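Welcome! Take a moment to look over the structure below, and then we will walk through how its parts meet.

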Amino acid sequence: MNQRSCLTIILAAGEGTRMKSALPKVLHRIAGLPMVAHVVRAAGRAGGGDVALVVGRGGDEVRAAVAPYAPAAEMFVQRERLGTAHAVLAARAAIARGYDDILVMFGDTPLVESAPLEAARGLLADGNAVAVMGFRTEDPSGYGRLIEQDGRLVAIREDKDCSDDERRINFCNGGLMAIDGRQALALLDAVGNANAKGEYYLTDIVEIANARGLKVAATEASFENVLGINNRAELAAAEAIWQRRTRRSMMLSGVTLTAPETVFFAHDTEIAAETLIEPNVFFGPGVRVTGAATIRAFSHIEGATIGEAAEVGPFARLRPGADLGDHSKVGNFCEVKKAKVEPGAKINHLTYIGDAIVGAKANIGAGTITCNYDGYNKHLTEIGAGAFIGSNSSLVAPVRIGVNAYVASGSVITESVPDDGLAFGRARQDTKPGRAKILRERYAAMKKK
Ligand code: UD1
Ligand code: MG
């Protein structure tokens, strides 16, 4: 690990008007996490040290989004959008504290990985004053071109300022830069705005550093690392890339995906090795599968914990607070929310279990509903270990079903049932022999008239 001190400055002042959104661009999500938080996480993995965020509008929201990953992040407001060098200088007070490395990242470039960041910092450790993350592309239009002479990076020319020859260069600036912390302010302060856009370009520090006899170098990263998001189509493209990367790393860590392209993960999904995931499964944030489990097709899972050898689905919905013990089962068309399902309990068909504790090895019959909400408050249903809930029962909370108790099918249970008790919460059956025939004849006669 790089021992040099580091300040990561994340530029997030973009208006993002092409998102057509009230939400600041960098707060749009990939895998359930705002893109700026993806950037902060990548910086953290590369030992990016202290974090400074340069924001325009929505600063407090941006700070809140990164807080879980960089609680001490400082925020700087760039009031006028005068260019990337001007944006970096909004964090002047932080830079002036003195760091070995300054890492500049863009808040709208969420797929950046730690490897190129570490490579750029490595170039500073080797004595370069500026290190640029470059990439190669068939279509370089719009990007700054890396101008090299004798294998050395001498300048970055923005697209609008390029000569025809320069415009043909396809080695481009990915945007990310690492700058020697002792040189950074002097270089940035020397940037002017005499260019096609009238902006203070961060990229100009490459030429300035060269003119001062400082060393400058470029790394080469994949296009994904530099993919910037400007509209919702690009957001979806980035999501697809993120999902593809994550499916692959899940499989390489021992998770079986029978149709990987149909399974969607969140930024924090944790799945134990030997888990089998059938096609068309969606994971929202906050899911942990702690042992080898089976997640069957068409399940929607968020905020849930799933134990060893548990079986979920097909067509199950697990909502936040669902906690499935080892060897438990939640089958088709069942919804479980804020409920502890203890080991070996079975909820096999067409059931809603919310605000509940289901004891070990209890069996919940088809169509059982915990009536947890009275329109104002939520109430708890406790089902003891080994209890048997007959099909199509309503358990009106708060209520407790005892250990090894038995609830007759079709019951509406409003009072607690003691351990080993048997409860009928329904009208008794009344059978009238021969009456069906009489009824049919009467109805047939009425229809003829
Ligand atoms: C920039 C680079 C270009 C590179 C490209 C890669 C400069 C001058 N150019 O161009 O070489 O190929 O990225 O995508 O750096 N921002 C602010 N405040 C500002 C201006 C920009 O915070 O005043 C932020 C934006 O929100 C964005 C980032 O800086 O996150 C880059 O700005 P953008 O306008 O997208 O620069 P490009 O023209 O794409
Ligand atoms: Mg851009």
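In this predicted model, the centres of domain 1 and domain 2, taken over C-alpha atoms, are separated by 44 Å. The domain assignment places domain 1 at residues 6-226 and domain 2 at residues 232-423. Where the two are in contact, 17 residues come from domain 1 and 12 residues from domain 2.

How much area is buried between domain 1 and domain 2? The value is about 1300 Å², and carbon and sulfur atoms give 54% of it. On the domain 1 side, Ala31, Leu111 and Glu224 lose the most area to domain 2, and together they make up 43% of what that side buries.

Glu224 also takes part in a salt bridge with Arg245, with their closest N and O atoms 3.4 Å apart. Across the interface of the two domains, the rule finds three salt bridges. It also finds eight residue pairs in polar contact there, both residues being at pLDDT 80 or more.

Now for the elements on the domain 1 side. Those listed here give two or more residues to the side that touches domain 2:

| Element of domain 1 | Residues spanned |
|---|---|
| Strand 2 | 29-30 |
| Helix 1 | 35-45 |
| Helix 9 | 223-226 |

Helix 1 gives the most to this side, with three residues. What kinds of residues make up the side of domain 1 that touches domain 2? They divide into seven nonpolar, five polar and five charged residues.

How values were computed
Residues are numbered from 1 along each chain as its sequence is written. Chains are lettered from A and ligands numbered from 1 in the order in which they are written. This is a predicted model: local features need pLDDT of at least 70, side-chain atom pairs count only at pLDDT 80 or more; totals for chains, interfaces and linings use all residues. Side-chain values use heavy atoms; hydrogens and water are left out. Domain bounds come from an automatic or database domain assignment. Contact means heavy atoms within 4.5 Å. Buried area is the accessible area (1.4 Å probe) that two parts lose on being put together, summed over both. A salt bridge is a side-chain nitrogen of Lys or Arg within 4 Å of a carboxyl oxygen of Asp or Glu. A polar contact is a pair of N or O atoms within 3.5 Å; within protein, one must be able to donate a hydrogen and the other to accept it, and residues adjacent in sequence count only if both atoms are side-chain atoms. Helices (H or I, at least four residues) and strands (E, at least two) are DSSP runs, numbered from the N terminus. Ala, Val, Leu, Ile, Met, Phe, Trp, Tyr, Cys and Pro count as nonpolar, Asp, Glu, Lys and Arg as charged, and the others, Gly among them, as polar.
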